[in-house]
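Reader: Hi! I'm new to this one, could you walk me through it?
Author: Happy to, let's take a look together.

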Amino acid sequence: MKRSNWTEQAWMTISLGSLLIEQMQNRDEGKQIPIEVQNQIEELLKADWSVDGKVEAGEALLDRISELPIRPDFPYHEPSDREGIAAAAAHNPEMAVSDNLAFLEDRVYGGWLGRAAGCLLGKPVEGWSSQMIRKYLESQGEWPLCDYFSMTVSDEIAAECNLKQLSPRLFREHMSGMVEDDDTNYTTVGLAVLTQYGRGFTPQQMGIFWMQNIPLLHLCTAERIAFLNMVAGIEPPESASYRNVCREWIGAQIRADAFGYVNPGKPAEAADMAWRDASISHVKNGIYGEMWVAAMIASAFVHDQPEQVILAGLNEIPAECRLSAAVRHIIELHHAGVTYDEAIADIRTRWNERIGHHWCHTISNAEIVCVGLLWGGLDFEKSLCYAVMPGLDTDCNGATVGSVLGVMLGAKALPDKWTNPLNDSLETGVAGYHHLRLSEMAAHTVKCIG
């Protein structure tokens with residue numbers, strides 16, 4: 001009997017692509033794959049996976065690879081457990097933040113607006129190459145990017161970009177609020193879990209909330225794999241690592257914001273909440289990405305320079321991890337006075353946007369976030385555009401940069417050009433939260449501040 005490929009296309013089973021990703025992931029993690037295992041991988045890569053038994057053979061191989069040791073000369077220390085991470089991080093002291101209600105409401109609302117604006121800016125070009133983004137904008141005379149994308153292009157460019165497959169609501173001519181996207185679904189989930197379970201929620205409670213309130217196909221990559229694992233009875237944290245080839249991808253990094261919003265001046269608490277969320281679907285740098293962003297946002301209520309915020313975020317993750325090294329490298333480039341274009345060119349020496357593992361990885365996109373924040377300074381428009389123009393995960397990076405700056409600047413300081421098209425509205429795929437007001441979500445968030 002032949003096996004249908006529909007489950008592969010829906011990311012519900014492992015595939016040839018899974019083995020290729022696992023090869024790259026294991027190199028990233030410092031594992032040395034023995035020649036006999038490599039031969040087995042090569043054999044399966046040539047096999048017809050529609051034949052019964054090949055998927056099972058691939059699963060068994062993933063299990064064997066997961067048990068391989070890290071090579072002795074690997075230069076990084078990357079625990080996934082909370083205690084191990086805490087022992088390897090520098091940490092921040094708690095910072096004094098004004099308890100003035102108007103101040104908190106403005107900053108939190110700024111975060112929600114900034115996240116939505118950055119996400120909406122990057123969403124129509126998610127999956128496009130950087131070359132295609134530039135070609136599209138140059139055809140309109142709008143390079144470098146300085147506004148939401150327009151649909152007004154030639155038929156040739158529209159066909160090349162498959163523009164007909166995209167909702168007109170993603171473009172400035174037809175915007176009517178923030179459409180559903182996983183980047184804002186997860187912010188909503190964070191707030192909903194805090195509301196339902198309180199600030200002491202557990203990874204297990206987060207997993208239960210997912211299964212009760214998020215449709216499976218609204219989840220992607222590592223999250224979908226973790227969801228399927230939990231349905232099969234594999235509880236956190238094993239749900240994050242069991243046959244999960246996407247375990248260091250960007251999915252957790254985009255789930256951090258609510259935990260930063262409810263912990264102004266408390267980056268350690270924000271990072272702890274982020275760990276409890278990330279650990280159900282990610283390991284190592286996948287977890288650190290969410291902790292870093294949550295701590296950045298918590299610090300954004302206090303610090304007035306992007307570099308201070310970035311460094312505060314790093315203090316809550318292991319000092320000797322790949323994410324920390326990558327972010328510090330970007331900071332060094334900024335100190336050296338290199339241009340924005342030179343910084344992006346440097347990133348491209350390490351990451352190939354045509355490889356999915358690079359395109360979706362936590363670290364590659366964290367580097368883009370840092371460039372947007374550092375080279376954009378406190379210019380909201382420039383920062384968002386700098387985060388989207390390079391490609392990679394455009395909506396995720398725009399959303400994170402917008403969220404951090406939104407908290408730093410506050411809602412009242414954000415340009416109408418970027419906030420008015422949002423129409424103070426948000427659509428999500430989360431049960432009970434389908435049609436929302438961003439201002440009401442911000443007010444609800446402030447009530448959860450500890």
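Author: A term to begin with: buried means under 20% relative accessible area, exposed over 50%, and partly exposed in between, using a 1.4 Å probe and protein chains only. This is a predicted model, where local features need pLDDT of at least 70 and side-chain atom pairs count only at pLDDT 80 or more, while totals for chains, interfaces and linings use all residues. Residues are numbered from 1 along each chain as its sequence is written, and side-chain values use heavy atoms, with hydrogens and water left out.

Reader: Thanks! What share of the 450 residues in the protein chain is buried?
Author: Buried residues make up 59% of them.

Reader: And how many helices and strands are there?
Author: The protein chain has 24 helices and two strands. Both are DSSP runs numbered from the N terminus: helices are H or I with at least four residues, strands E with at least two.

Reader: What box do the C-alpha atoms fill?
Author: Roughly 60 × 55 × 50 Å, taken along the principal axes.

Reader: Which residues of H21 are the buried ones?
Author: They are Phe380, Ser383, Leu384, Cys385, Tyr386, Ala387 and Val388.

Reader: What do they pack against?
Author: Their partners include H6, helix H18 (340-348) and helix H22 (394-409). Contact here means heavy atoms within 4.5 Å.

Reader: Let's switch to helix pairs. How do H15 and H22 cross?
Author: The axes of H15 (residues 284-300) and H22 come within 8 Å and cross at roughly 20°. That makes H15 roughly parallel to H22, as angles under 35 degrees count as roughly parallel, over 145 as roughly antiparallel, 65 to 115 as roughly perpendicular and the rest as oblique. Axes are lines fitted to C-alpha atoms, for helices over the stretch in contact, with angles from 0 to 180 degrees between N-to-C directions.

Reader: Which residues meet there?
Author: On H15, Val293, Met296, Ile297 and Ala300; on H22, Thr400, Ser403, Val404, Val407 and Met408.

Reader: How about H6 and H9, what is their angle?
Author: H6 (residues 101-122) and H9 (residues 182-197) pack at about 155°, with axes 9 Å apart. The two are therefore roughly antiparallel.

Reader: Which H6 residues take part?
Author: Trp112, Arg115 and Cys119 in H6 meet H9 residues, among them Asp183 and Leu191.
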